[in-house]
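Work through the exercises below with the sequence and the model open. Try each task before reading its solution.

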Amino acid sequence: MSGTSTVAIHADRGIRTDRSVAPPIYQTAAFSAADAEAFAQAAVDPRGQDFYLRFGNPNHAQVAAVVAELERTEAAMVTASGMAALTTAVLALVSAGDHVIGQQSTYGGTASVLLNLLPRLGVSTTLVDQTDPTAFEKALTPQTRLILLETPSNPLLQVTDLRAVAELARAHDVLTVADNTFATPLNQRPTDFGIDLVWHSATKYLNGHTDISAGVLAGPAELLDRIWDTGVLTGAVLGPFDAWLLLRGLRTLPLRLPRHNANGQALAEALQAHPTVAKVHYPGLPSHPQHELASSQMSGFGGVLGIELTGGFEAADAFLGRLRYPRRSASLGGVESLAVHPASMWRGMLSEDQIAGSGVPLGLIRLAAGTEDTADLVADALAAADAVAHT
Ligand SMILES: *Cc1c(COP(=O)(O)O)cnc(C)c1O
């Protein structure tokens, strides 16, 4: 098997090859068919490339080929956002009367699907403490169909034991779906541990340039065929140009990610040693309570860290204002460093009580290291922490 850098550049090679070295952008809403039989076939071809844009196009197929090979899954499909990937998968896989298990520490949108959307549709949900290995088993009911995992979690960087949950789920005929946005397939491949389906906010590391919204699902073809059927109805289709940009971003993921990993680790170590920092959440730190588990399922720990300052919310806000390079912004995973206060950001998706239930401290800062020079980011973060300490 080829290395990941080669895969990222060549895995889509067989799809619509022509004489252009860069793939064309198929900026068309529809494709023509030679005859009635070909037309009828194209209409039912799961994740096809030749019928109507909402059903799939060659730019989607190229992205899917690269992601499937990086995640080592049979197939992949592309959606208009990470949330579109999640809701399409969930709507395809559960019905009224079913039960879904999720994590207490999870992305705000995922938490809102579990706490607000699914219960409205007659699907019951339980959110568990992912750091407790027995919690998932205790939450199982005869109606459980799906377990939604996220590791490391946004923004607390808590780790889930993928092997243990996958084994439990298999024994009870329950599907497991893992959000691999923070790790990417380069730091962690959930299917290696028995997880059934993987999804990404491709808006983040996979694209890496903070210029599109996109999502990806990767897993067995049979499962993706079912999800694609629902995706045609929900219609969360990625535009051709955005799919083309995503493929372009994916080409350099194996070059970008090692720098994100190095910057995340260096910032976590430097800030942890600063007197005004109360706690750093980063799975690459030996002080992280699940460092050993993280090391057993990840080969790198990514660029995102959670920081709590001794001065609480006021100090966190002052720290954000003092940073020179990371700008105050909701995203992560791009080449530029960004920092945010998650409890403020999630007010649009979750109630105050639901935010409290996620365990996110009000003063937590999420710092997403970009690919700038490590020494510059560390010096900047330490200078901001010094400034806060002296006010
Ligand atoms: C951003 C994010 C999402 C949502 O993805 P969108 O592309 O914004 O829809 C889901 N999970 C995680 C971990 C994220 O960081």
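This is a predicted model: local features need pLDDT of at least 70, side-chain atom pairs count only at pLDDT 80 or more; totals for chains, interfaces and linings use all residues.

**Exercise 1. Locate the domains and state how far apart their C-alpha centres lie.**

Solution. Step one: take the bounds from the domain assignment, which gives domain 1 as 4-251 and domain 2 as 256-389. Step two: compare the C-alpha centres of the two domains, which are 26 Å apart.

**Exercise 2. Describe what domain 1 and domain 2 bury between them and count their polar contacts and salt bridges.**

Solution. Step one: list the contacts; 39 residues of domain 1 touch 39 residues of domain 2. Step two: take the area. About 3,100 Å² is buried between domain 1 and domain 2, with 58% of it on carbon and sulfur atoms. Step three: sort the pairs. There are 18 residue pairs in polar contact between domain 1 and domain 2, but 0 salt bridges.

**Exercise 3. Find which elements supply the side of domain 1 that touches domain 2.**

Solution. Step one: keep the elements that give two or more residues, namely α5 (108-120), α7 (162-171), α8 (184-187) and α10 (240-251).

**Exercise 4. Identify the residues that come nearest to the ligand.**

Solution. Step one: from the 15 residues around the ligand, pick the nearest, which are Met83, Asp179, Ser201, Thr203 and Lys204. Step two: check distances to ligand oxygen atoms. For Met83, a backbone N or O atom lies at 2.8 Å. For Ser201, a side-chain N or O atom lies at 2.7 Å. For Thr203, a polar side-chain atom lies at 2.7 Å.

Key
Residues are numbered from 1 along each chain as its sequence is written. Side-chain values use heavy atoms; hydrogens and water are left out. Domain bounds come from an automatic or database domain assignment. Contact means heavy atoms within 4.5 Å. Buried area is the accessible area (1.4 Å probe) that two parts lose on being put together, summed over both. A salt bridge is a side-chain nitrogen of Lys or Arg within 4 Å of a carboxyl oxygen of Asp or Glu. A polar contact is a pair of N or O atoms within 3.5 Å; within protein, one must be able to donate a hydrogen and the other to accept it, and residues adjacent in sequence count only if both atoms are side-chain atoms. Helices (H or I, at least four residues) and strands (E, at least two) are DSSP runs, numbered from the N terminus. A residue is near a molecule or strand if one of its heavy atoms lies within 4 Å of it.
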